[in-house]
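Terms are given their cut-offs where they come up.

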Protein chains: 2
Amino acid sequence: MTLPRDYGGQSCALSRSMEIVGERWTLLIVRDAFQGVRRFGEFAAHLSVPRAVLTDRLATLTGAGVLERRPGAGRREVYGLTAKGIALWPAVRALSAWGERFHPAEGGARRVYVHAADGAPVDEDGRCTACGGHVPVADLVVVPGPGPRPPAPAPIP
Amino acid sequence: MTLPRDYGGQSCALSRSMEIVGERWTLLIVRDAFQGVRRFGEFAAHLSVPRAVLTDRLATLTGAGVLERRPGAGRREVYGLTAKGIALWPAVRALSAWGERFHPAEGGARRVYVHAADGAPVDEDGRCTACGGHVPVADLVVVPGPGPRPPAPAPIP
């Protein structure tokens, strides 16, 4: 069943968020942006998402001010997180932590978010597991975890 | 374009979470469960979601162990959050807070999560804005905010 993008009759804050980031793949695009993915082709290769879907989702995210187009190297534009996009970090972190806790990958997490200052992992409430402090996005580093390596990216047609 | 429920090629924790709670309406059902909604008819009236969609989403959530069926009053079963479902609280809170911050409802939030001990609102990282402590789900109370009242529920066919 195809459902409309909006949530008729719902006026809560969660439904307003889901109208922007509740589409399939959208939060994975935002997650990739946190991990440094910038170019259309990189998103397409990294996510193996149909290009038409990626185009639609990037349009939604730029239209909503979550991502913005910026000049990249050469003639290509890149996508970067705005302040509004960076503010999605607690949601991305919480959903990632939940998946890791209840549906762990064999061998452990593929990527781990750590506090740049001391190298310790960040817990699901965004606190450093070593110093206990709340870690802002700017002080986070994504490092490879013990889990399986990602599959080789699909060739870009 | 209809996309499959799974995210082919993605093995990250976020994609595993989204396979369960990334379907349209699913997180709103979980949010309602946090706010005390228990019966099928109450979810249907509160969310104005097509009953076929609600049936599908509740089946997904019970199948994944996020909700469980429990004996209710009379012959009707009710749905309750499991420990795995309660663990979704940081995600529900973060996405709600983001919607409230960047797409505020006219007049303010319709519902506010407060710390039962001192009645102060909880911030988007789950800390009490008065005492500064981290507030577990069991110590949360949902109270009406200054925002618009919800629309009258649609009649249940």
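What distance separates the centres of domain 1 of chain A and domain 2 of chain A, taken over C-alpha atoms? The separation is 21 Å.

1. Basis. This is a predicted model, in which local features need pLDDT of at least 70 and side-chain atom pairs count only at pLDDT 80 or more, while totals for chains, interfaces and linings use all residues. Residues are numbered from 1 along each chain as its sequence is written, and chains are lettered from A and ligands numbered from 1 in the order in which they are written.

2. Domains of chain A. Domain 1 covers 13–86 and domain 2 covers 89–144, with bounds from an automatic or database domain assignment. Between them, 6 residues of domain 1 are in contact with 5 residues of domain 2; contact is taken as C-beta atoms, placed from the backbone, within 7 Å. On the domain 1 side, helix α2 (residues 26–34) gives the largest share, 4 residues. That side divides into 4 nonpolar, 1 polar and 1 charged residues. Here Ala, Val, Leu, Ile, Met, Phe, Trp, Tyr, Cys and Pro count as nonpolar, Asp, Glu, Lys and Arg as charged, and the others, Gly among them, as polar.

3. The chain has 6 helices and 4 strands, in the order α-α-α-α-β-β-α-α-β-β from the N terminus. Helices (H or I, at least four residues) and strands (E, at least two) are DSSP runs, numbered from the N terminus. Of its 157 residues, 32% count as buried. Buried requires 20 or more other C-beta atoms within 10 Å of the residue's own, exposed 12 or fewer, and partly exposed lies in between, with C-beta atoms placed from the backbone.

4. α2(A) against α1(B). The helices pack at about 165°, with axes 10 Å apart; axes are lines fitted to C-alpha atoms, for helices over the stretch in contact, and angles run from 0 to 180 degrees between N-to-C directions. The pair is therefore roughly antiparallel, the class for angles over 145 degrees. Their crossing is right-handed, that is, the near helix is turned clockwise from the far one by less than a right angle. Leu27(A), Leu28(A) and Arg31(A) meet Leu14(B), Ser15(B) and Met18(B), a contact of 4 nonpolar, 1 polar and 1 charged residues.

5. Covering of α1(B). In this helix, 8 of 9 residues are buried, including Leu14(B), Arg16(B) and Met18(B). The buried residues pack against α2 and α6 (89–102) of chain A together with α2 (26–34) and α4 (51–63) of chain B.

6. α2(B) against α3(B). α2(B) and α3(B) (residues 40–47) pack at about 115°, with axes 11 Å apart, and the crossing is right-handed. Leu28(B), Ile29(B) and Asp32(B) of α2(B) touch Phe43(B), His46(B) and Leu47(B) of α3(B).

7. Backbone points to check. Most residues other than glycine have a negative phi. Trp25(A), in the loop between α1 (13–21) and α2 of chain A, has a positive phi near 80°. Trp25(A) counts as buried because it has 22 C-beta neighbours inside 10 Å. Ser48(A), in the loop between α3 (40–47) and α4 (51–63) of chain A, has a positive phi of about 50°. Ser48(A) counts as partly exposed, with 14 C-beta neighbours inside 10 Å.

Key
Contact = placed C-beta atoms within 7 Å. Parallel < 35°, antiparallel > 145°, perpendicular 65-115°, else oblique.
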